[in-house]
Amino acid sequence: MQDDTPERAMLPVHVRLRDGRTVLLREIRPQDEDELRDAFHRLSADSRYARFMIPLREPPPAMLAAATRPDPEHDLALIAVSGEGGADQDIVAGARYVGASGSDTCEFAVTVVDDWQGLGLARRLMEVLIAHAAARGLRCMEGYVLAANAPMRRLAGQLGFVDRRCEDDATLWVVSLDLSRHLGHHAA
Ligand SMILES: CC(C)(COP(=O)(O)OP(=O)(O)OC[C@H]1O[C@@H](n2cnc3c(N)ncnc32)[C@H](O)[C@@H]1OP(=O)(O)O)[C@@H](O)C(=O)NCCC(=O)NCCS
């Protein structure tokens with residue numbers, strides 16, 4: 001996708017959350033590695049497990065490096081930053097989809113730091129991911145969600161994802177969205 005598409009052009013964008021706080025949504029950059037590590041440490045053990053599905057106390061350096069260097073041809077990685085551009089800026093959420101050469105399906109993941117959950121932030125990040133992936137011509141967005149992860153399963157349902165049990169793992173559901181229905185709808 002070119003940089004002048006509506007989906008990329010609308011970033012960065014300030015978003016006002018349900019409690020009145022404001023965050024900046026923007027694409028991640030390699031310089032965000034240290035801040036991303038700090039954000040990881042602000043996640044509760046439950047949130048970490050819900051996202052990574054293994055008990056992870058420290059993010060491996062290779063994981064941070066990859067997370068801050070998405071492939072612009074196939075991926076989109078967004079962060080939400082608090083602090084209104086001041087000295088106290090923190091990454092409070094992240095969302096990405098990852099595509100692959102020759103495939104019209106991408107896989108998403110989204111994480112919101114615990115203090116910032118329940119304010120509509122994941123929904124907003126997902127709307128941007130969906131609009132962007134649809135505009136790029138991808139046909140399907142999928143994600144793996146723990147069966148016990150009620151907030152994510154509910155959010156996915158509200159966004160139009162359908163879910164099915166993962167054949168290989170009884171603790172997981174696969175949620176998938178037909179992106180062709182989203183063409184022409186740009187998350188504002
Ligand atoms: C799942 C997660 C991303 C939701 O983020 P969030 O910013 O709190 O979600 P939102 O505020 O946008 O809520 C969207 C919807 O999710 C549901 N939801 C959010 N928090 C919920 C809660 N505590 N209980 C039940 N449903 C909840 C609601 O249906 C909500 O809809 P509403 O707008 O009508 O209230 C967040 O809880 C999180 O980061 N969890 C840990 C990581 C994870 O599970 N990632 C998903 C794996 S890909």
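How far does a polar side-chain atom of Arg 154 lie from an oxygen atom of the ligand?

Mentor: The model is predicted, and the values below are computed from its atoms. A polar atom in the side chain of Arg 154 is 3.1 Å away from an oxygen atom of the ligand. Because a polar contact requires a pair of N or O atoms within 3.5 Å, the Arg 154 pair at 3.1 Å qualifies. Asn 149 also takes part: an N or O atom of the Asn 149 side chain is 2.7 Å from an oxygen atom of the ligand.

Now the shell around the ligand. There are 21 residues around the ligand, and those that come nearest are Arg 18, Val 112, Gly 118, Gly 120 and Asn 149. Sorted by class, the shell has 10 nonpolar residues, 7 polar ones and 4 charged ones. Four elements each supply at least two residues of the shell: helix 3 (45-52), strand 5 (105-112), helix 5 (121-135) and helix 6 (150-158). Helix 6 gives the largest share, with 5 residues.

Two of these elements can be followed further. Phe 108 belongs to strand 5 and has a relative accessible area of 6%, so it is buried. Between the C-alpha atoms of Phe 108 and Arg 21 there are 25 Å in space, with 87 residues separating them in sequence. Ala 109 is likewise found in strand 5; its relative accessible area is 15%, which means that Ala 109 is buried. Computed along the chain in residues, Ala 109 and Asp 46 are 63 apart, and their C-alpha atoms are separated by 16 Å.

The structure has 2 aromatic pairs. In one of them, Phe 40 and Phe 52 are tilted, with 5.7 Å from centre to centre and 50° between the planes. This pair joins distant parts of the chain, with Phe 40 in helix 2 (residues 33-42) and Phe 52 in helix 3, 12 residues apart. Phe 40 counts as buried because its relative accessibility is 5%, whereas Phe 52, at 23%, counts as partly exposed.

Met 53 is in the loop between helix 3 and helix 4 (61-67). Most residues other than glycine have a negative phi. Met 53 is not a glycine, yet its phi is positive, about 65°. With a relative accessible area of 23%, Met 53 is partly exposed.

Two arginines sit over tryptophan rings. The charged end of Arg 21 is over the ring of Trp 116, 3.6 Å from the ring centre. Arg 153 lies over the face of Trp 173, and here the distance to the ring centre is 4.2 Å.

Ala 170 lies in the loop between strand 7 (162-165) and strand 8 (172-178). Its relative accessible area is 67%, so Ala 170 is exposed. Ala 170 and Leu 146 are 24 residues apart along the chain, with 9.1 Å between their C-alpha atoms.

How values were computed: Residues are numbered from 1 along each chain as its sequence is written. This is a predicted model: local features need pLDDT of at least 70, side-chain atom pairs count only at pLDDT 80 or more; totals for chains, interfaces and linings use all residues. Side-chain values use heavy atoms; hydrogens and water are left out. A residue is near a molecule or strand if one of its heavy atoms lies within 4 Å of it. A polar contact is a pair of N or O atoms within 3.5 Å; within protein, one must be able to donate a hydrogen and the other to accept it, and residues adjacent in sequence count only if both atoms are side-chain atoms. Ala, Val, Leu, Ile, Met, Phe, Trp, Tyr, Cys and Pro count as nonpolar, Asp, Glu, Lys and Arg as charged, and the others, Gly among them, as polar. Rings of Phe, Tyr and Trp (its six-membered ring) pair if their centres lie within 6.5 Å; planes under 30 degrees apart count as stacked, over 60 as edge-to-face and the rest as tilted. Buried means under 20% relative accessible area, exposed over 50%, partly exposed in between (1.4 Å probe, protein chains only). A charge sits over a ring if NZ of Lys or CZ of Arg is within 6 Å of the ring centre and within 35 degrees of the ring normal.
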